[in-house]
Amino acid sequence: MSRYNAADIEPKWQKAWADAEVFTAKADPDKPKYYVLEMFPYPSGDLHIGHVRNYTMGDVVARHRIATGHAVLHPMGWDAFGLPAENASIERGIHPGTWTRSNIANMKEQFALLGLSLDWSREFATCDPEYYGKQQAMFLDFLAKGLVYRKNAVVNWDPVDMTVLANEQVEDGKGWRSGATVERRELTQWFFKISDYSEELLTALDSLDNWPDKVKTMQKNWIGKSRGLQFAFSLIDGPDGHDRIEVYTTRPDTMLGASFIGISPDHPLARELEKENEDLAAFNAECRKMGTAEEEMEKAEKKGFDTGLRVRHPFDTAWELPVYVANFILMDYGTGAIFGCPAHDQRDHDFARKYDLPIIPVFVDEDYTEAVKLPSDRPDLDWSGAEGFGHLDGETEMTMLAYAFDVEANVPPAKNEEYTYLRGFFGETRLTANAAIDAAIAFCEEHGVGHGVTKFRLRDWGLSRQRYWGCPIPVVHCATCGVVPEKKENLPIELPEDVTFDRPGNALSWHPTWRDVPCPKCGAPAQRETDTMDTFVDSSWYYARFTSPDAETPTDADEAAYWMNVDQYIGGVEHAILHLLYSRFYARAMHACGHLPASAIEPFDALFTQGMVTHEIYLTRDANGRPVYHLPSEVNDGKLADGREVEIIPSAKMSKSKRNVVDPVDIINQYGADTARWFVLSDSPPERDVEWTASGADATHRHLGRVWRIVTEIIESPDEGAQPGDKDLLREMHKTIHDVSMGIESFGFNSAVARLYAFTATLGKSQAGRAAKIEAARTLVQLMSPMTPHLAEDLWSQLGGDGLVTLAAWPVADDAMLVDDEVTLPIQINGKRRSEITVPADMAKPDIEALVMADKAVQRALDGGAPKKLIVVPGRIVNVVV
RNA sequence: GCCCGAGUGGCGGAAUGGUAGACGCAGGGGAUUCAAAAUCCCCCGCCGCAAGGCGUGCCGGUUCGAGUCCGGCCUCGGGUACCA
């Protein structure tokens, strides 16, 4: 008898699939089409175990669809532009293109080892001029449609390296390479008008029935539709040209709780005032020494600068509020100015306490009964300040009331709950926040103070990057014509090869000649745009390009119409917002320019988000105290080979930059691809994150060896005719077909694997005759084939199966074989399991009740009395309440 | 900070509101063997001699019955618009 040897069989069957071109997508009028796509990888150089998990899952889906009679498209490519290539160039002097190409070659070899059902004939990399040239053509179409424009935006500026930094490259406010304090700097940048689609991107979420709710919720919150009031505070003795401050608020019901105005350091008023006020200029400069990341802004200590200016409250012009410049207000959001309501907003509350501003309650919780009192921890507070607010005369106790809420602001939990408004609206004091907001807006509109508006949190998509390794933006800057689109016949605008990376930043902008071109319009000497596109642009349409990877235009209408949409999209949940939202926008923009049919504006019919594979992060520090990361394979017992101890950071998703990646090639070399595949599908539910541990690969391999042995023993066994065990085995087989099929269709791969373990054990112990066992073995092999395709092919051929198991029709469970004759019903007494009875599956309720009443445990519990209640759930459970 | 998730034995995890711990790993015991590998069988949540009690991150609620539903927390993970 032969033994399972993956190294013998895996190359053999991979060649057989290639020779038969079984994975080459072919349109077929007799079959439903099925487009399955996994998010394509960034070519970091090596496949890590997270990739194996992701792509094996997609492969199971694709192979199952082939077996169930679909014309399958399952392509693969490379998300090949991006920062790491430039970093590698700076570190090692390699050209980003060379580095990327060699990474792709390397990873493709590793992919090949896994035996994935990919159609490599459609492969492309986003750094191929054939790909990004089409992207440039679409950019010009978008530009013509008014979907692209330029405006100023802030970036992280490293003043030492003289370059723009990604948020990831800013650590504690310092540039990761130079260590210099990062500054904000304004640049003119290109934007996609995604905000034109805010409403549609929001409402269309409802049509995505096969997307996870969590992703839809995240996108909904990200788009952030809000209704609110836009109004102005009039400024008292402001500088010339500044007589009002526009504010947007979603809580106009709290206007009577306003106690200060905050404006962004970049607000036009702040910029005007800093010219005359050195202290404010210094404050603003300090504020600008912060990265652009929202997280950093929000977590930073809230600081303000009192401008000394005052505004009038629109409801009571005698009421004056101070104007602060505050570091937590972004110019990009809303109007760049807010009013603070410390009683009901935690951030404003913190700010008010810090600057001893009044805290004026607007509403109280119904349950609030506590007597008004001064906060015991703030004896230093000077309450006389509150009396300066004229209209609050005699209401200072209200301020103190808010302080009785004390440390935390009385933040309202929901807008649809009722509160008691201390001053009321139109005579009503008890109303929901929503009603109060309506009333406040109505009141303001009536009195000409402001107007209700709908706003979205979603901002336009800034696509400019000041970097070399990306898709060049195909426009030319001409002194006389201004910004001129490149002519389509001149595309692709290729990246120059002869660049050096001896200094950080955008190599395009200091290339000696690349920029110099004649203006496409007037022919005069002009300069190319040196910004390249955000890599999210590359990944926002690759799914469409896969339908016709060689077309002269971005897509081919017939091919796109046939293959789109992606029937099943699979990828990490970390892409829940940006990549997926951008792709949804991009498909709409492509449709607007005739590159996709209307039916493809939601490009992904079904989405499955995988959990991530996580691992601890190991690091040491260089001479400047900056972290140096180490691979898990270099670390033993918390020490490097040279004996140095590493710092350990808790598990996070595997990423090249943190080097917490595990190489799957060792497992493949030692045990084969099928072991690696089976292993990553076992145990963990696909949607959940898993902390990587290598223990168990050996046991996984033993199991595959067991399958091999059991099946080959059956093949070699003598045929002694039908046996009494036949029916039990076949019944179990049909249940397994059912469970495994369900498991695969619902992404319950771990459950499917568990079921196959159990069925293997059943088959191994079965007393059935040879014919039944052969049938069961063939089914087992077929059911395993999406997961362990090489092993399955080999055993299938040994079992005399027809052709390739990959192409064999998926088995169908016989419903009649799924029901058991008898069921065991647990008997609960007061909800606790005390006994059980086994009854015929079709036994009537009264008969079951009689049996239950006769049960010893029930008799004991009843002690002669009658049960209060007797619940029989047919086929499930019995509960006796005594 | 804000938004979205997750939390069950020593470990990975299973469980349409219905027997908590399927299946696997690790561990323990045994069979086979000259020995080993491989293989097979049995045990394996906690406390308790037992009867029994306790048990799905924590606190409370709904229900005949809650890992599952509701409210409030805690911890961890993802995203936070220039990592991809």
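1. Start with a charge over a ring: Arg185 sits over the face of Trp157, 4.3 Å from the ring centre. Bear in mind that the model is predicted, here and in everything below.

2. There's another arginine arrangement to look at, with Arg63 lying over the face of Trp17 at 4.5 Å from the ring centre.

3. On to ring against ring. The structure holds 45 aromatic pairs. One of them is Trp461 with Tyr586, an edge-to-face pair with 6.4 Å between centres and 65° between the planes. Trp461 belongs to strand β18 (residues 461-462) and Tyr586 to helix α17 (residues 578-592), so this contact ties together parts 125 residues apart in sequence. As for burial, Trp461 has a relative accessible area of 1% and is buried; Tyr586 is buried too, at 0% relative accessibility.

4. Helix α17 comes up again in the next pair. Because Phe536 is in helix α14 (residues 535-538) and Tyr582 in helix α17, the pair links parts that are 46 residues apart in sequence.

5. Tyr582, at 14% relative accessibility, counts as buried because the cut-off for buried is under 20%.

6. Last, have a look at the aromatic cluster made up of Phe40, Phe124, Tyr131, Trp541, Tyr542, Tyr543, Phe546, Tyr569 and Phe604.

Terms used: Residues are numbered from 1 along each chain as its sequence is written. Chains are lettered from A and ligands numbered from 1 in the order in which they are written. This is a predicted model: local features need pLDDT of at least 70, side-chain atom pairs count only at pLDDT 80 or more; totals for chains, interfaces and linings use all residues. Side-chain values use heavy atoms; hydrogens and water are left out. Rings of Phe, Tyr and Trp (its six-membered ring) pair if their centres lie within 6.5 Å; planes under 30 degrees apart count as stacked, over 60 as edge-to-face and the rest as tilted. Helices (H or I, at least four residues) and strands (E, at least two) are DSSP runs, numbered from the N terminus. Buried means under 20% relative accessible area, exposed over 50%, partly exposed in between (1.4 Å probe, protein chains only). A charge sits over a ring if NZ of Lys or CZ of Arg is within 6 Å of the ring centre and within 35 degrees of the ring normal.
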